[in-house]
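I opened my notebook to see what I could look up in this one.

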Amino acid sequence: VVPNRGRNFSALLSGPVAELARSHDLVLHVHCKRSPHAPTGVGEQWRRHLWTHLLGEESAFADQIVAEFARSPGLGLVAPEDRRLPDWDGNRAFVPEWLARLGPEFEPSLSVPTHFDFPVGGMFWVRSEALRPFLDLALSETDFPEEPLPVDGTSLHALERLLPWRVAHHRVGQLSDARIDRQRACHLLGEQPQAALEVVAP
C-alpha cells in the first residue's frame, strides 16, 4: 500500500514495487484506470481494452509478448496503441525538469514531433533494464503532485509521454530516435490494426 499521491507511476517507480521491479527481467504495469472525469462506463471500457491487449482474453497476448521480448533483445517496451494522435497537450513545460533528472546523456530539449505514440493510459510491458533510469531516480511521494489533479497539465502526464523515448535511448546506450514498428507490433498482437506500440532499438 502506498500513499494516494502520484497515482500509478508513484506506485511503480517508488517504494517496494520499484525494488521488486529491479529483480525481474520484465515488468507488466497495469492498474484499475479509474476515470471519474469521464462519462459513466468509459474508464471501465478503456481498462478492459488495455488489459485485453496486454494480457489477452481469448488470445494469449501475454505469452506472445513475453516470447517476443525473448526473441528481440532490442525490444524495450510494448503497450496498446491509441488510435488518436496524442501530443504534449499542456504537459511540455514539465519535460525539462524530468530530463535534467534522468541524466546528461539525454539532450536538455526533447527532439520529438508534436504528435507521437506513448502508452496512453499508463499500462505497458517493459524490460526492467530499460526502466532502470526511472528507478534510479529514487523517487518518493513528494516527487509527485498532490491530489486532486487536473485532467491534463501535470508532471505525471509529462512522465508518461517521456517513457517510451527514454526507454529507447537507454536500450541502445546512446542518443537515437525511437522507431515505432507498427507492422511487427500488429503481427505480434494478432493482426489487429494499430493494436500495439512497440519501441525498439533502431
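Before anything else I need one term: a residue is buried if its relative accessible area is under 20%, exposed if over 50%, and partly exposed in between. I also note that I'm working from a predicted model.

**Entry 1: helix α6**

I started with α6, residues 128-135. Which of its residues are buried? I found S128, A130, L131, P133, F134 and L135 on that list. That is six of the eight residues in α6, so by the under-20% cut-off the helix is mostly covered.

**Entry 2: the neighbour of α6**

Next I looked at how α6 sits against helix α2, residues 15-22. Two packed helices are described by the angle between their axes and the distance between the axes. For this pair, I have axes that come within 9 Å and cross at roughly 145 degrees. I wrote down the crossing of α2 past α6 as left-handed. On the α2 side the contact is made by A18, A21 and R22, and on the α6 side by S128, R132 and L135. I sorted these contact residues by type and got three nonpolar, one polar and two charged.

I moved on to the loop between α6 and α7, where α7 is 155-172. P148 lies in that loop, and the peptide bond joining E147 to P148 is cis, with omega about 0 degrees. F144 lies in the loop too. Is F144 buried or exposed? I make it buried, because its relative accessibility is 2%. Leaving out residues up to four places away in sequence, I see F144 touching R5, G6, F9, S10, L139, L156 and L159. One of those, L156, is 12 residues from F144 in sequence, and their C-alpha atoms are 7.2 Å apart.

**Entry 3: K33 and R47**

K33 is in the loop between β1 (26-29) and α3 (42-55). I noted K33 as buried, since its relative accessible area is 16%. Which residues does K33 touch, not counting those up to four places away in sequence? My list reads G43, W46, R47, G121 and M123. The C-alpha atoms of K33 and G122 are 8.7 Å apart, though 89 residues separate them along the chain. From that list I followed R47 and found its charged end sitting over the ring of W51, 4.4 Å from the centre. I also looked for aromatic pairs, and the structure holds zero.

**Entry 4: two positive phi angles**

R7 is not a glycine, yet it has a positive phi of about 50 degrees. I place R7 in helix α1, residues 7-13. R7 counts as partly exposed because its relative accessible area is 41%. D89 isn't a glycine either, and its phi is near 50 degrees, also positive. D89 sits in the loop between β2 (75-80) and α5 (95-102).

**Entry 5: the whole chain**

Last, I zoomed out. I count eight helices and five strands, in the order α-α-β-α-α-β-α-β-α-α-β-α-β along the sequence. The protein has 202 residues, and 50% of them count as buried. Taking contacts with a separation of 6 or more, I get 76% from residues 24 or more positions apart.

Note on methods
Residues are numbered from 1 along each chain as its sequence is written. This is a predicted model: local features need pLDDT of at least 70, side-chain atom pairs count only at pLDDT 80 or more; totals for chains, interfaces and linings use all residues. Side-chain values use heavy atoms; hydrogens and water are left out. Axes are lines fitted to C-alpha atoms, for helices over the stretch in contact, and angles run from 0 to 180 degrees between N-to-C directions. Helices (H or I, at least four residues) and strands (E, at least two) are DSSP runs, numbered from the N terminus. A crossing is left-handed if the near helix is turned anticlockwise from the far one by less than a right angle, and right-handed if clockwise. Contact means heavy atoms within 4.5 Å. Ala, Val, Leu, Ile, Met, Phe, Trp, Tyr, Cys and Pro count as nonpolar, Asp, Glu, Lys and Arg as charged, and the others, Gly among them, as polar. Buried means under 20% relative accessible area, exposed over 50%, partly exposed in between (1.4 Å probe, protein chains only). Rings of Phe, Tyr and Trp (its six-membered ring) pair if their centres lie within 6.5 Å; planes under 30 degrees apart count as stacked, over 60 as edge-to-face and the rest as tilted. A charge sits over a ring if NZ of Lys or CZ of Arg is within 6 Å of the ring centre and within 35 degrees of the ring normal.
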